[in-house]
Amino acid sequence: MGKLTYVKSASQLVCMDRGYGPRTGKGMSMLGIIANGSVVIEDGIIVFAGSDALAAQFLSSIQDEVEVIDASGKVVTPGLVDPHTHVIYAGSRENELELRLQGAKYIDILKLGGGILNTARSTKEASEEELIGQSLARLDRFLLHGVTTIEAKSGYGLSVEDELKQLRAARALNDRHSIDVVPTFMGAHAVPDEYIHNPDGYVDLVINEMLPAVAENGLAEYCDVFCEQGVFDNVQSERILKAAGRLGFKLKIHADEIAENFGGAELAAKLGAVSAEHLLKASEEGIRALAKSGTIAVLLPGTALFLMERAADARRMIDEGVAVALSTDCNPGTSPTVSMPFVMNAACLTMRMNPAEVLTASTINAAFAIGRGEEIGSIETGKRGDLVLFDVPNYRQLQYYYGMNLVHTVVKNGRTVVKGGVLVDRYEPAD
C-alpha cells in the first residue's frame with residue numbers, strides 16, 4: 001500500500017448521505033452520520049469510511065507506516081467547498097461600506113466609477129506576480145477556515161490582456177497552493193469606462209476576442225455574466241453565454257441580485273446553466289424554473305448582510321426542490337471575507353436553513369456547483385481525502401457557536417495542512 005492517513009474516533013463522522021447528483025428537498029438534511037467513525041486515506045484517496053471497530057479490522061493486516069490523527073471529541077466533515085469567489089484582485093474598498101451606511105446603493109456607487117470598476121483599476125495596475133502573491137495569502141486564510149476547494153472568477157480585468165492575466169494567476173494558484181482552484185471567466189462583470197456609452201460594443205469584445213482567447217489558452221472551465229439592471233441585460237447576457245457554450249464553456253450566471261423581476265433565474269434555467277448565483281430577488285417563477293432545470297442556486301448570505309439587503313429565500317428554494325449551495329463571494333467590495341463557517345452561520349440566521357442543510361450546501365452541493373461532485377464533497381471510498389476536523393462534539397454546535405472559527409485540523413488529499421488551528425503545509429509538493 002502507499003502513504004496512509006488514519007483519522008480515528010470522530011465523535012461524528014459526517015459522510016453526507018449517499019446519492020447521485022446534488023441533494024434537494026429533504027435530502028439536504030440527510031447527513032449519513034457515523035458515531036465513533038474513522039476514515040482511512042491512501043495516496044490521497046479515501047479507501048475506508050466507517051466505524052472505529054471496522055477500521056481496526058481494515059488496518060489489522062497493514063504493515064505500512066500510518067499517520068494517525070485522533071479525532072476524539074470532534075466532528076469530521078468533508079472539506080468545505082466555496083463555489084463562488086472573486087479571490088484574485090488588488091486593492092480594497094473599505095470606503096464603500098461607509099458610503100452604504102450613509103444610504104448609497106450598490107449600483108449608484110458603480111455608476112460613479114466605484115465598485116467593480118474601482119477594483120478593476122487596481123487589478124490592472126498590479127503585476128501578475130503581485131496578484132498571485134496577494135491571492136496566495138487569501139488562500140492561506142481560506143484553508144484555516146476549512147476550505148479545500150474554491151472557484152475563482154476573473155472579471156476585474158475588463159480587457160483581453162487583463163482578463164487573461166487574472167486567469168493565468170488562477171492557474172498559478174492551483175499549481176502552487178494546497179487548495180484546488182476552479183477557474184471561471186467573467187469578462188462580463190461590468191462595462192468598463194471606455195465602453196460606458198457603447199455597452200453592446202463591449203459585449204462584442206467579450207464574445208469575439210475575450211472568449212476565444214480564454215478558450216485557446218485553456219484558462220477557464222466556466223463562463224459567468226453579471227445579468228442585472230445597470231450591468232448586462234438579459235439579451236446581452238444570453239448572447240455572451242450562448243457564445244461561451246459554443247466554445248465548450250459550462251455556464252454560470254450572477255442573477256437577480258438587485259432588481260425585482262429581472263428574469264436572471266429564468267435565463268439560467270433556459271440555458272441549462274450549472275448554477276445561478278445571488279438570487280436575492282428571484283421570482284417565484286424563476287425559482288420553479290431552477291428546480292425544473294436542475295440548476296444549482298449558489299446563495300451568498302454574507303453578501304446580503306454586508307449590503308444590508310434581505311437575504312435570498314432559501315426556504316422557498318429548498319421547499320420547491322432547488323439544490324442550494326453556499327459561498328463566501330469573497331471579493332473586495334461586497335463580501336470581503338474568507339470565512340465559510342461564518343457564511344454557514346449566516347445561512348441559518350438570515351435564511352433559516354437548518355444546520356444539516358447548511359453542511360450539505362457547503363460540501364456536496366457546492367462541489368456539484370463547480371463540477372467536482374464526483375471527486376469531493378462527501379466522505380466516500382474513491383473520493384479525495386479532503387477532511388475538516390471541527391473542535392465540537394456534534395454538527396449542530398457548528399451553527400450554535402456563531403462567528404467562531406472552530407476548525408482544528410484540515411486534511412487535503414490525505415495530507416495534514418492545518419493542525420491545531422495552525423497552517424502547517426501551504427503548498428503542493430513540487431513536481
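In the legends below, annotated positions from UniProt follow the numbering used here, and an annotation of this kind may be inferred rather than shown by experiment. The model in every view is predicted.

**Figure 1. The annotated set His84, His86, His254 and Asp329 in the predicted model.** The UniProt record, an unreviewed entry, gives the feature "binding site" for His84, His86, His254 and Asp329. These residues gather at one spot, because no two of their C-alpha atoms are more than 12.3 Å apart although the set spans 246 residues in sequence. His86, His254 and Asp329 from this set belong to the lining of the largest cavity.

Figure 2. His86 sits in the loop that links strand E6 (80-82) to helix H2 (94-101). Its relative accessible area is 2%; since residues under 20% count as buried, His86 is buried. Leaving aside residues up to four places away in sequence, His86 touches His254 and Asp329, among others, and both of these residues carry the "binding site" annotation in the unreviewed UniProt entry.

**Figure 3. Loop positions of Tyr156 and Gly333.** Tyr156 is located in the loop between strand E7 (147-153) and helix H6 (160-176). With a relative accessibility of 2%, Tyr156 counts as buried. Gly333 occupies the loop between strand E13 (324-326) and helix H13 (340-351). Gly333 is buried as well, at a relative accessible area of 2%. Residues up to four places away in sequence not being counted, Gly333 touches Arg93, Arg100 and Phe306.

**Figure 4. The exposed residue Gly248.** Gly248 is found in the loop that leads from helix H8 (234-246) to strand E10 (250-255). Its relative accessible area is 58%, and Gly248 is therefore exposed. Thr24 lies 224 residues from Gly248 along the chain, and 27 Å separates the C-alpha atoms of the two.

**Figure 5. Strand E12 and its parallel partner E11.** In a regular strand, side chains alternate between the two faces of the sheet. Strand E12 (residues 296-299) is covered on both faces: Ile296 and Val298 on one side are buried, as are Ala297 and Leu299 on the other. Strand E11 (residues 275-278) runs parallel to E12 and is joined to it by three bridges. Ser275 stands opposite Ile296 of E12.

**Figure 6. Strand E15 between its antiparallel partners E14 and E16.** Five of the six residues of strand E15 (residues 407-412) are buried, and the strand is mostly covered. Four bridges pair E15 with strand E14 (residues 387-390) in the antiparallel sense. Three bridges pair E15, again in the antiparallel sense, with strand E16 (residues 415-419). Val411 of E15 takes part in both pairings: Leu387 stands opposite Val411, and Thr416 in E16 is a bridge partner of Val411. Two residues lie between the strands in the hairpin of E15 and E16, where Asn413 has a positive phi near 50 degrees.

**Figure 7. The protein chain as context for the close-up views.** The protein chain contains 16 helices and 17 strands. Its radius of gyration is 21 Å, close to the 22 Å that the globule rule gives for 431 residues, so the chain is as compact as a globular protein of that length. The C-alpha trace spans about 70 × 45 × 45 Å along its principal axes. Of the 431 residues, 60% are buried. Where contacting residues are at least 6 apart in sequence, 73% of the contacts join residues at least 24 apart. The accessible surface amounts to about 16300 Å², and carbon and sulfur atoms account for 50% of it.

How values were computed: Residues numbered from 1 in each chain as written. Predicted model: local features only at pLDDT ≥ 70, side-chain atom pairs only at ≥ 80, totals over all residues. Heavy atoms only, no water. Buried < 20%, exposed > 50% of the residue type's maximum accessible area, 1.4 Å probe, protein only. Contact = heavy atoms within 4.5 Å. Rg over C-alpha atoms; globule rule 2.2 N^0.38 Å. Areas by Shrake-Rupley, 256 points an atom, 1.4 Å probe, with all protein chains shown as cover. Pairing = 2+ DSSP bridges. 1 Å grid on protein atoms, 1.4 Å probe; cavity = no way out; pocket = protein on both sides within 12 Å on 5 of 7 lines; lining within 4 Å.
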